[in-house]
Amino acid sequence: MIYQTLNGKWLINEKGSEAYVEGKIPGSVLSALLIQHRMQDPYFGTNEYEAREIFRNDFYFTRGFDVDPDLFGQERIYLCCKGIDTLSRIYINDMPIGRTENMHRTYYFNVKDYLRPYGNTITIEIASPIQYIENYRHGLHKEINYTPTGCMRGNQYLRKAHCMFGWDWGAQLPDCGIWRSIDLIGYSLIKLEEVEIIQHHEKKRVVLEINVDAELIQPDTYIIQAELVTPDGIPSAVTNTLENGHATLEIEIESPKIWWPNGFGDQPLYTVSIYALDMNGNQWDQKSYRIGLREITISQEEDAYGREFCLMVNHTKIFAMGANYVPEDSIYSFITKEKIAYLLRAAKKCNFNTIRVWGGGYYPSDTFYELCDEYGLIVWQDFMFACNHYELTSEFKNNITAEAVDNIKRLRHHACLGLFCGNNEIESGWVSWEGFRDHSPQLREDYLEIFERILPELVAKYARSTFYWPSSPSSGGGFQDPDNDHAGDRHYWGVWHDQEPFSAYSEHNMRFCSEFGFQSFPSLKTVKTFTREEDRNIFSEVMESHQKNESANGKMIYYLSQNFLFPKDFDSLLYLTQLLQGIAIKYGVEHFRRHRGECMGALYWQLNDSWPVASWSSIDYFGRYKALQYMAKNFFSPVAGSILREGSVLSVFIQNETRDIEQRRVKVSLQTFDFRLLHEMEYEVELAPGSVEMVCSMDYGAFIEGIENRVFVEAVFIDEDDVVVSTEIEVFVPFKRLNLETSSISYSVIELVDEYVIRMMSGGFAAFVELDLKGADAIFSDNYFHLTSKREKAVTLKKKDIRYLIPGTPEIQNGTELEQQLVIRTLKDTY
């Protein structure tokens, strides 16, 4: 196999125009125009709408190339297109060689007969996605009237990331281009087509069954060699002769090193390499895979609560903790390995063990899954269908079948792959959504054909050990009560969309909550990237253009009125919405974890943003942590405490989501805001693996009468080494009713080799202490915490976690400069 990339410089022009712009491939129309300064930033102000209209036009992507002599001498030469977005016709030397119609697929075209050694041209004509969806003609009884919030009508007709047409958090920027690699690949004797690796787990032993299929370009006798390299770097190999284009090999692994999710153990990875050899030992093709040895499925045992829905890894039931993942950028060629790694490292650092890849976006790159393998993040993988009806023509069926097969084969070997799910929310829509459920019986039958016949059959055929789930939410399919609390997974939006109080979470003991969320604004630093000074009002045209969920700004104001005093300025308002978001999700997660066994998963909506916007994300477009992301580190901690208040009665709980017995000492105290101790008790707790314990329950009514707004309860959790690992606080009235005094917080900064230590003290209770830097950005070890005593609070900041996103920001050189940059804010400072 010989490879030559066609990535690099291409010329792009609008059809009918003589003006060209140079673009880098992988890339797109938007990336080229922006890099060449030929358009305004579509993320600034209301520029999105002008940028959207560009895609009423067709575009040409063109480049010249010579063919490497060794490649030109191959028997067959394929053009491999890993991502063309979306409707294209491809020409080499002015001759049509193929077309594409799906950005989620990899296309191969045999182009040997179209190439010459020198002076080749390739042109890809990409048709307007907007014109296509607006001019689509549906079949008899297949008219579709529903459009998801924030989205362009007809987005479902094209196999393109739906959210490129907008969503209730996404911009309407249906970009087009060559968004993944485009290459020439040559073969002469043999081409490896398919490698399937099946794990057979036995006691202290794993057998790898490796099934190899190959295309014989020149019939002969060929040897397939499978090489295994252990996590320690020790190689071994087996061989077999290819017969009728197929070979099966087995590799036995004694005393295997088992892969575990984050928080449950290590993530050792083995490398399996497959070589196609001739009888003289010459190598003609090769494929490599990194695998983790594990067993993953979904347990659906009947129990006292109904039918469970629970990730089971290596026969251990796992409480899934994490978030939903959306495309990292609205301009897909700007999605880099670094951006993916940043988000997934944040997930691991904040104790996630699961990531759900949402079905309205795209199938992430190999980098995403490789990092999830390394970080121990189980992937709930939706197929790319969401909140829409789909007309199942024969062409559409062939297209989605090829898409599914491509991605099932690409992902099936990854240790992180937990399950495939057919779609996002479509079954629920058919049952309960006004304007959705009243579509034709023919479209309803198309739904069943796609998600309960075609896709499960493909998963069973090509990823036989991977669990398939028809929709999210669902109780198992067939439109049988998909929003059921007692079976399957559930999306719960009473808090937020229905404006129910945070306490409404406690009324639902669902089996697995795969979506729930609460919006907030990004920080002022981020808002400044898309606004002018006069735009910084949440009801301005620009701010509302960066809010795609209708009436959401009003919802935030409503919840703010229930919990906090109205803020003194715009920046304080942004900060308070982040506190609201964190408190809401914290309440939900703690409730779900307290009911471990009945509930076995909490995946909040959403981890990240695709552009700077008000949304449900815990990390904004620029990677800035919101309060929720810091709080998630605590409420997703493998061993986590929580406090439940019911009137004046407070109950302290602790959850152990590990495979080990854990010991904790818990000190529970009632204090005034000036740290006068009114009551204290101490408890010793032993926690079995995967358990929840109530530490204590106490009625403080007699202690707090008349001073309810000036006291708090603190639970301090101390490990076996006498280290305080976490603290939780609770108050007896809404935060807006607290009689907070302005706290005098003193602090100092100490510089160590690779980090700074910020030491703080306060003379009184300080709520939701926020640390930030004036110009730079940073990820602190803790943030949005409470100062609850005169004891010193130490927060660390790794030097590698300081970023300089704002142009012209000077780098921090020492502790003195960090101290000068540090900004501290508390709840009291907002009014």
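Predicted model: local features only at pLDDT ≥ 70, side-chain atom pairs only at ≥ 80, totals over all residues.
Residues are numbered from 1 along each chain as its sequence is written, and side-chain values rest on heavy atoms, with hydrogens and water left out. Local features need pLDDT of at least 70 and side-chain atom pairs count only at pLDDT 80 or more, while totals for chains, interfaces and linings use all residues.

Helices (DSSP runs of H or I, at least four residues) and strands (runs of E, at least two) are numbered from the N terminus. Helix 13 covers residues 570–594, and its 25 residues reach 37 Å from first C-alpha to last, close to the expected 36 Å; that expectation is 1.5 Å times one less than the number of residues. Because 22 of the 25 residues are buried, helix 13 is largely enclosed by the rest of the structure. Here, buried means under 20% relative accessible area, with a 1.4 Å probe and protein chains only.

Turning to the cysteines, the structure holds zero disulfides, a disulfide being a pair of cysteine sulfur atoms within 2.5 Å. For Cys-80, the nearest cysteine sulfur belongs to Cys-81, 6.8 Å away; Cys-80 is buried, at 0% relative accessibility. The sulfur of Cys-151 lies 8.2 Å from that of Cys-163, its closest cysteine sulfur, which is too far for a bond. Cys-151 is also buried, at 10%.

Finally, three strands form an open antiparallel sheet in the order 21-24-25, where pairing requires at least two DSSP bridges. Strand 21 (296–299) and strand 25 (316–318) are the edges, each pairing on one side only. Strand 24 (residues 310–313) pairs with strand 25 over three bridges, and Leu-311 stands opposite Ile-318 of strand 25.

Terms used: Buried < 20%, exposed > 50% of the residue type's maximum accessible area, 1.4 Å probe, protein only.
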